[in-house]
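Please study the sequence and the structure shown below before reading on. The paragraphs that follow lead from one part of the model to the next.

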Amino acid sequence: PDSYETILVETRGRVGWITLNRPEALNALNTQIMRDVVAAASAFDADESIGAIVLTGSERAFAAGADIKEMESKSGLEMIMGDHFGEWARFAALRTPVIAAVSGYALGGGCELAMMCDIILAADTAKFGQPEINLGVIPGMGGSQRLIRAVGYYKAAELVLTGRMMDAAEAERSGLVSRVVPAADLLSEASKTAETIASKSLPSVYAAKAALDAAMETSLAEGLRFERHAFAALFDTADQKEGMSAFREKRSPDFQNR
Ligand code: CAA
């Protein structure tokens with residue numbers, strides 16, 4: 001739809017692009033931007049012609065957190081009954097891989113939104129942090145949980161308890177980002193990565209994302225069971241036959257997403 005107020009949406013080939021666009025607030029995540037992002041991403045997810053999604057912000061900020069001015073006067077009851085960040089769960093549950101292309105600030109909810117994505121590409125200008133403790137609260141969109149899984153307990157605990165920011169190099173050393181690139185190359189690198197993923201067989205891409213998600217959420221034994229079944233199920237796709245015969249015949253596969 002053209003009706004989004006807070007994001008820009010574009011389709012380039014098989015890649016769906018979502019650009020956070022609240023420059024006046026460094027892309028702070030209010031209810032409207034949550035609804036817009038979830039609606040646009042869900043529409044891409046339901047569209048078989050889309051094989052990957054890129055989520056990005058501005059040069060200055062991916063997103064500087066949840067919108068503090070929107071939350072400030074709320075009661076605990078209102079946060080719970082309004083399910084304040086609830087819809088983001090639908091973003092985290094997309095089947096299509098999402099690449100976060102992060103330039104500038106990814107703080108609080110911005111860092112948490114990046115961590116709901118599957119790949120995080122960071123410009124060398126990126127800054128990550130969970131500064132909620134400076135506001136008298138704690139991370140509220142997954143930061144206390146996903147950050148530990150990304151960087152381990154001690155790095156996550158230091159960031160969450162002190163609220164300090166880390167730069168792109170530290171984020172890469174810590175395992176929070178997939179790759180750091182020069183700021184000028186961020187969008188072209190995101191585009192290349194997304195196009196590479198979108199050129200694969202969609203059923204196998206869905207299965208790979210689901211298996212990776214399982215690793216974050218379940219025991220090793222359960223994750224291995226999930227992987228074995230997902231692997232086996234792909235042998236009923238035409239694309240598995242095509243991919244393996246293309247290998248044998250020394251040519252590129254022609255995937256039909258079937
Ligand atoms: N919410 C609402 N507005 C915000 C915002 C936020 N998270 N972050 C920035 N803005 C607004 C500022 O209020 C300012 O608006 P005005 O011009 O109307 O005053 C505008 O964006 C530009 O910001 P600054 O003037 O502050 O820019 P700066 O370059 O001096 O500083 C910054 C940049 C260090 C990122 C600073 O803006 C900042 O600290 N922002 C808040 C970061 C933060 O605490 N994030 C966590 C939010 S809570 C959360 O996310 C909960 C959760 O877990 C889901």
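**A guided reading of the model**

Strand β7 is mostly covered, since 4 of its 5 residues are buried. Helices (DSSP runs of H or I, at least four residues) and strands (DSSP runs of E, at least two) are numbered from the N terminus. Buried means under 20% relative accessible area, exposed means over 50%, and partly exposed lies in between, with a 1.4 Å probe and protein chains only. This is a predicted model, in which local features need pLDDT of at least 70 and side-chain atom pairs count only at pLDDT 80 or more, while totals for chains, interfaces and linings use all residues. Residues are numbered from 1 along each chain as its sequence is written, and side-chain values use heavy atoms, with hydrogens and water left out.

The strand β7 belongs to an open sheet of 6 strands in the order β1-β2-β3-β5-β7-β10, with mixed pairing. β1 (7-12) and β10 stand at the edges with a single partner strand each, so one side of each has no neighbour in the sheet. From one strand to the next, the twist averages 20 degrees; axes are lines fitted to C-alpha atoms, for helices over the stretch in contact, and angles run from 0 to 180 degrees between N-to-C directions. Strands of a sheet pair through backbone hydrogen bonds, either parallel or antiparallel. Two strands are counted as paired if DSSP finds at least two bridges between them.

How many residues of strand β5 are buried? In β5 (residues 98-102), 5 of the 5 residues are buried, so the strand is largely enclosed by the rest of the structure. Both of its faces are covered: Val98, Ala100 and Val102 lie on one side, and Ile99 and Ala101 on the other. Strand β3 (residues 52-56) runs parallel to β5 and is joined to it by 4 bridges. Within this pairing, Val54 has Ile99 as its bridge partner, and Thr56 stands opposite Ala101. β5 also pairs with strand β7 (residues 119-123), in the parallel sense and over 4 bridges. Here Ile119 is the bridge partner of Ile99, and Leu121 is that of Ala101. β7 in turn pairs with strand β10 (residues 179-181) in the parallel sense over 3 bridges, where Leu121 stands opposite Arg179.

There is also an open sheet of 4 strands, in the order β4-β6-β8-β9 and with mixed pairing. Its edges are β4 (61-63) and β9 (165-167), each with a single partner strand, so one side of each is left without a neighbour in the sheet. Neighbouring strands of this sheet are turned by 20 degrees against each other on average, direction ignored. β4 pairs with strand β6 (residues 105-107) in the parallel sense over 2 bridges, and Ala63 stands opposite Ala106 in β6.

The next element is a helix. Helix α6 (residues 143-151) has Gly143, Leu147 and Val151 among its residues, and these three are buried. Seen down the axis of α6, the buried residues fall within an arc of 25 degrees, so they line one face of the helix; the arc is that of the directions from the helix axis to the C-beta atoms. An α-helix has 3.6 residues a turn, so residues three or four places apart point the same way. The buried residues of α6 pack against α5 (109-115), α7 (153-162) and α8 (168-174). Gly152 follows α6, and its phi is positive, near 90 degrees.

The ligand comes next. Of the 24 residues around the ligand, Arg60, Gly109, Glu112, Glu132 and Gly140 come nearest; a residue counts as near if one of its heavy atoms lies within 4 Å. An oxygen atom of the ligand lies 2.7 Å from a polar side-chain atom of Glu112 and 2.5 Å from one of Glu132. In the side chain of Lys69, an N or O atom is 2.8 Å from an oxygen atom of the ligand. A polar contact is a pair of N or O atoms within 3.5 Å; within protein, one must be able to donate a hydrogen and the other to accept it, and residues adjacent in sequence count only if both atoms are side-chain atoms.

Finally, Ser201 lies in the loop between α9 (186-198) and α10 (202-217). Is Ser201 buried or exposed? Ser201 is buried, with a relative accessible area of 4%. Apart from residues up to four places away in sequence, Ser201 touches Asp239, Phe255 and Asn257, where contact means heavy atoms within 4.5 Å.
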